[in-house]
Amino acid sequence: MHPLAPVGTLFAVTVWPLLAAFLLMLTPANRQPASSLTFAIAGAIMTPIAVWLMPGADALAAACSCAVAVMPLLLPPARDKAGRILPFLVTGCALMALNVHSAFAVTVLCGAGTVLLAWREGRGAQKAAIVWDMARSRLGGVILGVLGASLLSMEQSPLGPVLLTVGLCMMAGLGPSPVPEPEAALLDTGLRFAAILLMLRLDHHALVHLLVLVAGFGTLIMKMAVQSKGRGQFLPVLAALGAIAAAVGEGSAIVLLLMTSLGLAVLEREGHADHYRSVADGMAPWPVFCALLAIGRSLEPFLLALMIVCLLPGLRQVRFSTLMPSGLALKAGIVPVVEAALLAIGLCGPLLLTWHPTPGWQP
């Protein structure tokens, strides 16, 4: 397998965030907000066309790229130049990590995106501690991942895949990892799921399946025991479910969980987290419900029962409400748009259950 995806696909999918960041550096300060919005809209429109029409595209990476490309558009307007430029750089790292055909490159790109994200979010004194704690944990995973990716060529030894898998689990925020604020969680979602997608591609290696299952279920059990409330409560659980989906080869579930994570990060940022617990905990007709069905059909009965037990405490706290808590009020801003998008994805979710994407390449 060539170490890179088709050059045309990589260029069309990944160059626009980097080009947008470069152009924003040259744009006068008074025109940066409008230019940033224009670049975000153009990239969100261009990426789906590029990834699906270019020959040789990986269907699973293409679907994830369409979701990740929307991240700059979902962020609130930044107050300074760095706050406008860095989200495009993080998005570019995530898009390249999704599309490049090299485990080593994916690991390095996720690490670079983590540093850029920590730089953006850690500029305030109050946020710096938790953001850099998160970055240190992820960069420890990057070091292990780089070592593992370097050893993948040693086919006789399982050390390479094991180190790479442990590093990817740390990069995906599994286990006792600090949780960023919702605005940072939005950008962090793309980096986490880029690592999770590489886990799916590694499933043919011995021990990887077991390690990813242990990490995913371990994170679910930890979150079940803690039952954290408030901000940052959704992303660790959805990332854990994404890891389990990667372990059982359910690519469609990963796509659904990625879209849900992005939507919930926006709703959390707007201060509506408690209204959407049912979305993250797998109630119908939201996307996580379909993702759980996809995962459940591939799990052993014992693991399926364990997953249900882990999710039950969260379901017991769910309070039934209307499908659209915002009431489609125009004054709610982006909230009703995100609600409607998540509901539409959930209603179309059963169609995705018939989609069985295969990895376009394997390390």
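How many aromatic pairs does the count come to? The count comes to 1 aromatic pair, where rings of Phe, Tyr and Trp (its six-membered ring) pair if their centres lie within 6.5 Å. This is a predicted model, in which local features need pLDDT of at least 70 and side-chain atom pairs count only at pLDDT 80 or more, while totals for chains, interfaces and linings use all residues. Residues are numbered from 1 along each chain as its sequence is written, and side-chain values use heavy atoms, with hydrogens and water left out.

Let's look at that pair. The ring centres of Trp16 and Phe88 are 6.3 Å apart and their planes stand at 85°, so the pair is edge-to-face (planes over 60 degrees apart; under 30 is stacked, the rest tilted). Because Trp16 belongs to helix H1 (residues 7-26) and Phe88 to helix H5 (residues 81-99), the pair ties together parts 72 residues apart in sequence. Both Trp16 and Phe88 are buried, meaning under 20% relative accessible area with a 1.4 Å probe, protein chains only.

Those helices belong to a protein chain with 16 helices and 0 strands (DSSP runs, H or I of at least four residues for helices and E of at least two for strands, numbered from the N terminus). Of its 363 residues, 54% count as buried.

Now turn to helix H3 (residues 59-68) and helix H12 (residues 251-269), which pack at about 5° with axes 10 Å apart; the axes are lines fitted to C-alpha atoms over the stretch in contact, with angles from 0 to 180 degrees between N-to-C directions. H3 and H12 are therefore roughly parallel, the term for angles under 35 degrees. Contact (heavy atoms within 4.5 Å) involves residues including Leu60 and Val68 of H3 and Val255 and Leu262 of H12.

Note on methods. Buried means under 20% relative accessible area, exposed over 50%, partly exposed in between (1.4 Å probe, protein chains only). Angles under 35 degrees count as roughly parallel, over 145 as roughly antiparallel, 65 to 115 as roughly perpendicular and the rest as oblique.
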